[in-house]
Amino acid sequence: MTQHQLIMAHIDTFGSISPMEAFMEYGITKLATRVSELIRQGERISKEPAEAKNRYGQTVRFMRYRRA
């Protein structure tokens, strides 16, 4: 499967994808770039800011992508 296919399959299965999920599950390091490419190809994908705690208890911010 291509990275584009992996991303869309993940979104369809789990509802959304984050950069860390893309890296840990599929080795995709530039999720935002791949999502931009998918949008240019006609996929309807939205992004929303998300927050989580890192291993040091600090709040980190990132984008989560899902079908629009």
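Predicted model: local features only at pLDDT ≥ 70, side-chain atom pairs only at ≥ 80, totals over all residues.
## Exposure classes and the model

A residue counts as buried when its relative accessible area is under 20%, as exposed when that area is over 50%, and as partly exposed in between. Glu21, with a relative accessible area of 27%, is therefore partly exposed.

## The β hairpin

Strand β1, residues 45–53, and strand β2, residues 59–67, run antiparallel and are joined by 9 bridges. Within this pairing, Ala50 stands opposite Phe62 of β2. The two strands form a hairpin with 5 residues between them, and in the turn Gly57 has a positive phi of about 85 degrees. A positive phi is also found at Gly42, which follows helix α3 and has a value near 110 degrees.

## Helix α3 and its buried side

In helix α3, which spans residues 31–40, the buried residues are Leu31, Arg34, Val35 and Leu38. These residues cover an arc of only 100 degrees around the axis, so they lie on the same side of α3. The elements that cover them include helix α1 (3–14), helix α2, and the strands β1 and β2.

Arg34, a residue of helix α3, has a relative accessible area of 18% and therefore counts as buried, the limit being under 20%. Leaving aside residues up to four places away in sequence, Arg34 touches Gln3, His4, Ile7 and Ile28. The side chain of Arg34 also meets that of Glu37 in a salt bridge, with an N to O distance of 2.9 Å. Both partners lie in helix α3, 3 residues apart, which is about one turn of the helix. Whereas Arg34 is buried, Glu37 has a relative accessible area of 21% and is partly exposed.

A search of the whole structure finds 6 salt bridges, and among them is the one in which the side chains of Asp12 and Arg67 meet at 2.7 Å, N to O. This pair links distant parts of the chain, since Asp12 belongs to helix α1 and Arg67 to strand β2, 55 residues apart. Arg67 is partly exposed, at 38% relative accessibility, and together with Asp12 and Glu43 it is linked in a network of salt bridges.

Another salt bridge joins Arg64 to Glu21, with the closest N and O atoms 3.2 Å apart. Here too distant parts of the chain are linked, as Arg64 lies in strand β2 and Glu21 in helix α2, 43 residues apart.

Helix α2 comprises residues 19–26 and contains Met20. Met20, Phe23 and Met24 make a nonpolar surface patch of about 360 Å².

In the loop between α2 and α3 lies Lys30, which has a relative accessibility of 51% and so counts as exposed. Lys30 is 11 residues from Pro19 in sequence, and the C-alpha atoms of the two residues are 7.7 Å apart in space.

Methods: Residues numbered from 1 in each chain as written. Heavy atoms only, no water. Pairing = 2+ DSSP bridges. Helix = DSSP H or I, 4+ residues; strand = E, 2+ residues; numbered from the N terminus. Patch = residues over 30% accessible without salt bridge, like charges linked within 9 Å, V, L, I, M, F, W, Y side chains within 5 Å. Areas by Shrake-Rupley, 256 points an atom, 1.4 Å probe, with all protein chains shown as cover. Salt bridge = Lys/Arg side-chain N within 4 Å of Asp/Glu carboxyl O. Buried < 20%, exposed > 50% of the residue type's maximum accessible area, 1.4 Å probe, protein only. Arc of directions from axis to C-beta. Contact = heavy atoms within 4.5 Å.
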